[in-house]
Amino acid sequence: MRTTSETLQVVVFALAGNEFGIDIVQVREIDRLMPITRVPRVPAHVEGIVNLRGQLVPIVDLRTRLGIPHTEPTKTARIIVAEIGPRSIGMIVDEVREVVRIPVDQIADSEGVLEGLANEFIGALGKVDERLIILLDVERVLGPEAPADLTDKGST
Amino acid sequence: MSEEPFDRAELIRYFKDESDELLQQLDADLLKLEPLAASSQADPEIVNSIFRSLHTIKGSAGMLELHDVSTFAHRLENVCDSVRNGRLPLSGNLIEILFEGRDLLTAFIRAGTEGAQAPPSAGFTERLEAVVQRHTRTGDEEAQHVAAERAGGSAGKVRPRTIRVDIARLDVLLDLVGELVITKNRIVQISTMLTRGETADPAGLIAELSTAAALLARTSADLQEAVMHARMVRIAGVFERFPRVVRDLAKSRGKEIELTIEGSETDLDKTIVDEIGEPLMHLVRNCVDHGIESPKRRRECGKEPAGKIELRAAHEGNSVVVQIGDDGSGVDLERVRERGLALGLIAAGAQHSERELLELLFVPGFSTARSVSELSGRGVGMDVVRRAIGRLSGTLEVASRPGLGTTFTIRLPLTLAILGALLVRIAGELYAIPLDAVSESLRLDAEQIERSESGDAVMHRDRLLPLIRGAEFFELGGVPDYSKGVLIVVLRAANREVGLIVDEFVGDQEIVVKPLSELVGPIAGIAGGTILGDGSIALILDPSVMISEVDRGPGSIVVSGTMHQR
């Protein structure tokens with residue numbers, strides 16, 4: 001439950017020079033990179049799974065998922081573990097910056113604004129001061145529909 | 001996670017669990033009542049039990065404000081009350097109506113708890129009133145067929161994820177946790193003393209520490225087993241549906257069938273019990289449809305007009321065996337052979353054992369039913385049943401004797417949570433192979449591999465064993481190094497063997513099975529994952545899927561034991 005309807009608390013992270021945000025209620029934890037066990041026969045954006053205190057959590061390379069060219073993670077790279085219903089999923093991002101409050105009236109529809117990104121995953125755009133933050137629709141990025149493209153393994 | 005004390009969703013779940021049990025009880029009672037209909041003498045104890053089930057459902061539904069359910073239950077309860085106090089004599093019609101009412105009640109409960117559409121019940125109410133009135137006046141026994149299409153109840157429902165556990169089992173858990181805490185305290189104490197150097201006898205303390213460690217190992221093993229037991233439920237929950245199902249099926253097929261059930265008290269992992277219902281249902285339908293002959297045909301064969309179906313469960317070592325047997329006509333092997341020829345599954349003139357021919361029944365698309373029956377001919381074949389059982393790490397086999405009957409044997413693990421596994425390395429990653437699917441492991445020279453269009457194979461024990469290269473199968477890449485020989489794990493499932501080429505045997509170990517996230521989706525050939533002692537992850541292979549993929553490969557022949565090259 002969001003406690004206030006006026007602002008949205010968002011975890012801000014960087015990816016290929018853009019700033020993205022995720023609603024903080026969906027974030028379970030943020031971890032440094034850890035060894036990832038590869039899993040065969042999964043879509044290209046699924047890096048593998050990790051052991052998070054006894055739970056097997058899949059890890060997604062958010063760059064690949066959003067159609068941004070993959071680069072080797074640097075020292076600042078982090079795994080943001082998001083919760084979708086009872087399931088957790090981790091996504092690799094370039095850097096985690098901060099948590100900001102975005103006034104709800106500063107959030108606008110994203111339609112047609114972004115080029116070169118997989119637009120279907122963008123929930124909205126938020127403005128904090130003069131920064132533009134792309135709000136990800138986590139459920140669409142990582143949610144149950146995601147496995148639908150399991151079939152296009154050839155596109156790796 | 002905190003939850004509100006009166007979470008409605010939770011209450012609804014309990015209600016569903018509870019009413020599931022009561023509805024099964026209703027079925028069982030009605031079936032017991034049915035043979036008494038001829039004498040019009042209802043056994044008051046059975047009627048009371050029916051009354052109690054309905055009354056409880058009514059009460060709970062009322063509390064949850066599911067008014068449709070409580071009103072309907074109340075109506076049925078009134079009828080039972082009339083039977084109970086002798087105002088309404090028992091009759092075949094009445095039983096029929098009560099069965100129908102029970103099904104409608106199920107539909108109402110589903111409507112109330114899952115938001116499904118409320119069933120139309122006006123017609124039923126009319127018939128109910130008619131039977132009640134007519135019988136209360138005249139005791140009429142005229143046969144009236146209530147043609148109700150009774151859906152077996154499989155429409156995409158969400159299963160409640162709750163389990164009822166015997167308090168005694170929980171007490172065992174509590175005791176073990178108590179022991180665990182005591183041992184932990186002892187270890188903490190020893191470690192503090194060692195770090196502070198507060199002891200004159202470090203050697204003695206270390207000895208004590210190793211005693212405590214041994215105790216810890218034993219307690220955690222006991223705990224593991226106790227938790228496993230807490231997850232186990234009786235297979236009765238599944239078996240109890242069948243008297244009703246067989247009765248209805250037999251009626252609609254014009255057959256007479258006696259169903260015997262044995263071993264209802266057999267315990268099995270909750271997950272398996274939840275999932276085994278559908279495959280069992282299919283096999284039982286198969287027995288009713290294709291196994292048992294019509295009463296007329298049976299008399300001609302010198303058999304009792306009523307066919308027998310036996311449903312049996314028993315523990316056998318570390319597994320549970322469930323058998324479904326009939327005394328029907330058995331599988332017509334000649335027709336299986338014809339169909340196998342027609343489908344190009346076997347070669348003309350080739351010799352095949354009975355067992356090999358029976359295996360053909362499990363090939364996708366294979367069906368010998370001359371007329372596709374409305375019951376079994378739903379496009380679900382034996383292959384699907386076998387695969388469903390394979391998903392539970394079980395196996396399905398069939399034995400048949402012409403004229404004497406068919407028996408399906410399902411072998412299931414006691415639990416899906418813990419299993420013995422062989423750890424291997426493929427392309428740098430660890431994989432666990434369930435031991436019950438491993439028949440042996442081999443080390444061969446690279447020259448022994450025979451290459452052909454249909455893939456690599458090796459002669460082993462006078463048979464050609466098809467080979468899967470693990471790294472290739474999972475598209476992991478890497479260049480295999482066979483300079484020190486080829487390591488092969490022989491996988492066995494559903495009477496078929498395949499050799500899996502791995503890079504290294506690591507050893508065998510008990511593993512705790514963890515599901516892979518649904519967010520990654522099901523992966524063909526991977527059954528789950530496990531966490532090893534050092535925190536690293538090994539994926540668990542699903543040999544039955546791997547073998548069936550090999551079967552579907554080009555040029556492979558499905559009959560077990562006779563691998564022909566083309």
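These legends cover close-up views of a predicted model. Local features need pLDDT of at least 70 and side-chain atom pairs count only at pLDDT 80 or more, while totals for chains, interfaces and linings use all residues. Residues are numbered from 1 along each chain as its sequence is written, and chains are lettered from A and ligands numbered from 1 in the order in which they are written.

**View 1. An open sheet in chain A.** Here 6 strands line up as β8-β1-β2-β11-β10-β9, with mixed pairing. Strands are DSSP runs (E, at least two residues), numbered from the N terminus. Two strands pair if DSSP finds at least two bridges between them. β8 (95-103) and β9 (107-108) of chain A are at the edges with a single partner strand each, so one side of each has no neighbour in the sheet.

**View 2. A parallel pair in chain A.** Strand β2 (residues 18-23) and strand β11 (residues 131-136) of chain A run parallel, joined by 2 bridges. A:F20 has A:I134 in β11(A) as its bridge partner.

**View 3. An open sheet in chain B.** The order of its 6 strands is β10-β14-β15-β13-β12-β11, and the pairing is mixed. β10 (438-444) and β11 (449-452) of chain B are the edge strands, pairing on one side only.

**View 4. An antiparallel pair in chain B.** Strands β14 (residues 486-493) and β15 (residues 496-502) of chain B pair in the antiparallel sense, over 7 bridges. B:V489 stands opposite B:L500 in β15(B).

**View 5. Where chains A and B touch.** Chain B gives 18 residues to the contact and chain A gives 21 residues. Contact means C-beta atoms, placed from the backbone, within 7 Å. β17 (526-531) and β18 (537-541) of chain B are the elements giving two or more residues to the chain B side.

Key: Helix = DSSP H or I, 4+ residues; strand = E, 2+ residues; numbered from the N terminus. Contact = placed C-beta atoms within 7 Å.
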